[in-house]
Amino acid sequence: MAFFDLKGLLSPVTGLKQFGKKPHTIMFPDVAEHASDRYRGLHFNKLEDCIGCGNCSTICMNEAIDMIQIAGYEGKKGDSGLRPRVDNGRCCWCALCVEVCPTGSLNLTKDYIFVTPDANDFLWTPGIDNKEKGEENISFYSDKETSLSDYSRVPMRELDGDVRIQSFAEAVLGYNEEEARKEASRCISCGLCTESCPDHMHIPEYINAIARENDEDALRIIYDNNPLPEMCGKVCTRRCEDVCAMTHRGDAIAIRWLKRYATETAKNAEIIKEIVNPEIKEANGKKISIIGAGPSGLTAGYYLALRGFDVTIYEAKAKAGGMTFYGIPKYRLPAESLEKQVGYMQSIGVKINFNTRVGKDIDFKEIYNNSDAVFMGVGFEKPWTLGITGEDLNGSLQAVTYLDVINGGGDMEIGDKVAVIGGGNVAIDAARVARRKGADVTIVYRRRVEDMPADWEEIEGAEDEGVHIMPQGIPIEVIGDKNGKVTGLKFARAEMIPDPDGGRPRPKQIEGSEEIMEVTSVIGAIGQEGDYSFIPDDMKNQIKIERGRFVVDENKQTTLPKLFAGGDSANRTADAISAIADGFRAVKAIEKMLMK
Amino acid sequence: MREKTTTLYLGPQHPGITGNMMVKLQVQGDTVVKAETHVGYLHRGFEKLMERRNWLQSFTIVCRICVPEPDPNEENYSRAVEEIEGREVPERAKYIRVMTLELARIATYLLWYGGQSGSAGLYTMGQWSVGDRNYILDLFEDLTGGRIYHMYIWPGGVRRDLPKGFKDKALRTMDYIEKRLDDYDKLLFENSIFQKRAKGVGIIDKKKAVEWGVVGPPLRGCGIKSDVRIDDPYEVYDKLDFEVPAMEGGDVWTRALIRRFEIRQSINLVRQALDKMPGGEYYNKIPNPHKWTIPAGDAFVKTESARGEFGYYMVSDGGNKPRRVHVKGPAYVHGVSLLENLLEGENIADVSFIMNSLGTCPPEIER
């Protein structure tokens, strides 16, 4: 290279042509820099949409998000009442919190400037603090497509409707291993379900165990506070699924079916005992009597026996299970399943005296006096009548009676055209059983289909099986022939009147809309009540009963100190899982009372 | 008369390169007689952190292993996970990944222009190229939501599809950068000061380069045509038409020329990727990240970063976290053993200059 390299000296000087050009840089704050439409800036949370599931906090790899209590957001079903607080000093703006937010409430905004002299100011609750960073600036969000939550449930395999009505074979086939693992892996373990379960079952924990391919662990976790899990796995009313975080954009985790899967892996009572391997405490000499082998009585019996109490259950009927045996049809809950679970309880020392009706075969007072504590889970056996003319005709019957006979192995003549009155699960059960007996079935319900208290899956199942549903129909009279045999149902059409107080609309009969449906029998299914005639009057006076139910405190204790009650006869929720919860709570109270 | 040996500490605060490390120099006059590299000022324990975080969380960590060019880390992490799990990546995502990686390469070289010229005292070059790099960062902001740490390439594909109007904007930016490269040539490569500083300085012996495991532009600057994109193509590099330059010389000047040519190749690759990009899905969704487990197995993947071959070795024990991730960045060879050897006999003023030409990146050394 020559010493004087003219080109090498002059070329750089051409850079001077840039002189006076507009610079790349901008002068903040005179010129505002607008971030792009996808910018990952400061957080914003739509507080109303947020359910406090804490998924953002769990995924944050910097532990920059805490879930804190906010004034004005009380915990309720499906909302923990907590809201995320972000430490902007730790945040790395990876936005994984946004990607996993099941409701889509948490977002990042275009705002990225936050200046403060106080380090504590960097801790703020998006949506409450610094609202001006707010909603109109949202830039990085996750919609259903981009979200990392899996909103689609693994479908449950079922028999086809026309196959189902041929027999009482179980309609739902259950998840196989692969399906269960896949479904379990959708769960984000937020625990909102646990809060809404009457029994507070450890739902995220057992789902996690299933996802980890440890079914035995799942079963042990389940048995911690529910001794009838297979029954619940098949027929639970599953309040847990109603509040599942996934419902906000998709299908709830199939919690019930997963429980069913975990429990069905134990094929018989011995296997359950082997897996659960319960620690049974030494006998403590205290004697507990339980009236009724329904879900609450069995639960109390099981956990008291584990705690070393001498437990005897008095059951009026030949089988244990109460309404879950005699009320729920076998295509939903096969007899063998219940027998397996009850057999396991008996194997750990729960004594059940079958065919022993308290008040008839044995005196209530005698039981009460000979026991250290008594738990009553007597249920609601007595059906409500419709209160219309013709109800005493031959062919007019009650759903609970009908189901009781069929489930007990008997049969009842209903003819080939049946009207079922009511909209709850019992009505659907009676209708589907009648369908299996070959009848053409119509459900007559006062309100709309969406108002029916029955499980939507049950309603769909009934429709698949060819059950007709006639909504907004008010029964007026059961019509019979001269022999006193039912021949028809007179009913009127109803219109829905909106409730000014915001309640559900009321049905109002439309004048002149009466019709007659030709039927061979009418099955009423509008509710049941308790029958407490087994309690002697002098004792009944000391027990407070309101609106047909025993009044109990939070320990399930009645106004008589040694007497506890649970299940339908003490709990307005009136489902199996609430009964189980009652039994479980009474166990703790009885133990505390007797073992102090 | 014997000259006195003086100890000189260069660094640890940004010794002319991005990141913190120190070079302890024994100098006689202006000449380095011995150089000792000291790292340990930037250790954040990435590899260990990943063992405590689930498969998705770890993806947000890896980009921090290299600040100027985070994307090869994301690419390696994702590809290793995909390889162990057997997860398919949609074709569109592969093209988007290639485009992202090449944009990152361009951005890195633009930053290198600044570093290389700055360490020779030519500051105008740095003002220009870092300013122009901002246009690439604008593209990243539109595409990923972040300018520096993109967290965009993740297991299964990419995080979001191209935003509306991105292709046009990217092509316009490519045209602009290409035009600006001519200005850079005038300012830097035709500049006799730079030529005099760069030629014959920091010469790597071709034979030793291979023995030491030198990679990337320093290796190609020794006349050895070696590039992962061509030798062991990943994503869709085998479907794109490009060449990598190799030149004999082995000095700072040759390495600079290699980068000058490569930045043009990268612009070409971005154009091709945008042009050939098919429609369809951009992401094969992973399951719920909290319960995402990956079958037991291991994988070694490598990517050609702007500094050379960048490898990840990953082991899964079948759980929801990596059992081990080993990161092997090119700077480990370039910045420690090679640098110590190259600096001997060089001028003190050339130390940072040579470090820059090797693409030394301390965070890569201290994963």
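Predicted model: local features only at pLDDT ≥ 70, side-chain atom pairs only at ≥ 80, totals over all residues.
Figure 1. Gln472(A) belongs to the loop that joins strand 15 (468-470) to strand 16 (473-480) of chain A. The phi angle of Gln472(A) is near 55°, a positive value in a residue other than glycine.

**Figure 2. Asn277(A), an exposed loop residue of chain A.** Asn277(A) has 10 C-beta neighbours inside 10 Å and therefore counts as exposed, the limit for that class being 12 or fewer. The loop that holds Asn277(A) runs between helix 12 (269-276) and strand 7 (287-291) of chain A. For Asn277(A), phi is near 45°, which is a positive value in a residue other than glycine.

**Figure 3. Overall form of chain A.** Chain A contains 21 helices and 24 strands. The radius of gyration of chain A is 31 Å, whereas the globule rule gives 25 Å for 596 residues; the value is well over that expectation, so chain A is more spread out than a compact globule. The C-alpha trace of chain A extends over about 125 × 70 × 45 Å along its principal axes. Of the 596 residues of chain A, 46% count as buried. Among the contacts in chain A with a separation of 6 or more, 72% are between residues 24 or more positions apart.

**Figure 4. Domains 3 and 4 of chain A and the contact between them.** Chain A is divided into domain 1 (43-140), domain 2 (165-275), domain 3 (281-380 + 530-594) and domain 4 (383-527). The centres of domain 3 and domain 4 of chain A, taken over C-alpha atoms, are separated by 32 Å. At their contact, six residues of domain 3 of chain A meet nine residues of domain 4 of chain A. The side of domain 3 of chain A that touches domain 4 of chain A consists of four nonpolar, one polar and one charged residues.

**Figure 5. The contact between chain A and chain B.** Chain A contributes 35 residues to this contact and chain B contributes 27 residues. On the side of chain A that touches chain B, the elements giving two or more residues are helix 1 (6-10), helix 2 (55-59) and helix 3 (96-100) of chain A. Helix 1 of chain A gives the most, with three residues. By class, the side of chain A that touches chain B holds 17 nonpolar, eleven polar and seven charged residues.

**Figure 6. Overall form of chain B.** The secondary structure of chain B comprises 14 helices and eight strands. For 367 residues, a compact globule would have a radius of gyration near 21 Å, and the 21 Å of chain B agrees with this. Along its principal axes, the C-alpha trace of chain B covers about 75 × 45 × 35 Å. Buried residues make up 52% of the 367 residues of chain B. Of the contacts in chain B with a separation of 6 or more, 70% involve residues 24 or more positions apart.

**Figure 7. Packing of helix 5 against helix 6 in chain B.** Two packed helices are described by the angle between their axes and the distance between the axes. Helix 5 (residues 123-144) and helix 6 (residues 166-189) of chain B pack at an angle of about 170°, and their axes are 11 Å apart. Because angles over 145 degrees count as roughly antiparallel, helix 5 of chain B is roughly antiparallel to helix 6 of chain B. The residues of helix 5 of chain B that take part include Thr124(B), Trp128(B), Asp132(B), Tyr135(B), Ile136(B) and Leu143(B). Among those of helix 6 of chain B are Phe166(B), Lys169(B), Tyr176(B), Arg180(B), Tyr184(B) and Leu188(B). The residues of this contact of helix 5 with helix 6 of chain B divide into 13 nonpolar, three polar and four charged.

**Figure 8. The surroundings of Leu10(B).** Leu10(B) is located in strand 1 (residues 5-10) of chain B. With 21 other C-beta atoms within 10 Å, Leu10(B) is buried. Leaving aside residues up to four places away in sequence, Leu10(B) touches Pro15(B), Met22(B), Val23(B), Leu25(B) and Val351(B). Leu10(B) and Pro278(B) are 268 residues apart in sequence, and their C-alpha atoms are 50 Å apart in space.

Conventions:
Residues numbered from 1 in each chain as written. Chains lettered and ligands numbered in written order. Helix = DSSP H or I, 4+ residues; strand = E, 2+ residues; numbered from the N terminus. Rg over C-alpha atoms; globule rule 2.2 N^0.38 Å. Buried ≥ 20, exposed ≤ 12 C-beta atoms within 10 Å, placed from the backbone. Contact = placed C-beta atoms within 7 Å. Domains from an automatic or database assignment. Nonpolar A, V, L, I, M, F, W, Y, C, P; charged D, E, K, R; others polar. Axes fitted to C-alpha atoms, helices over the stretch in contact; angles between N-to-C directions. Parallel < 35°, antiparallel > 145°, perpendicular 65-115°, else oblique.
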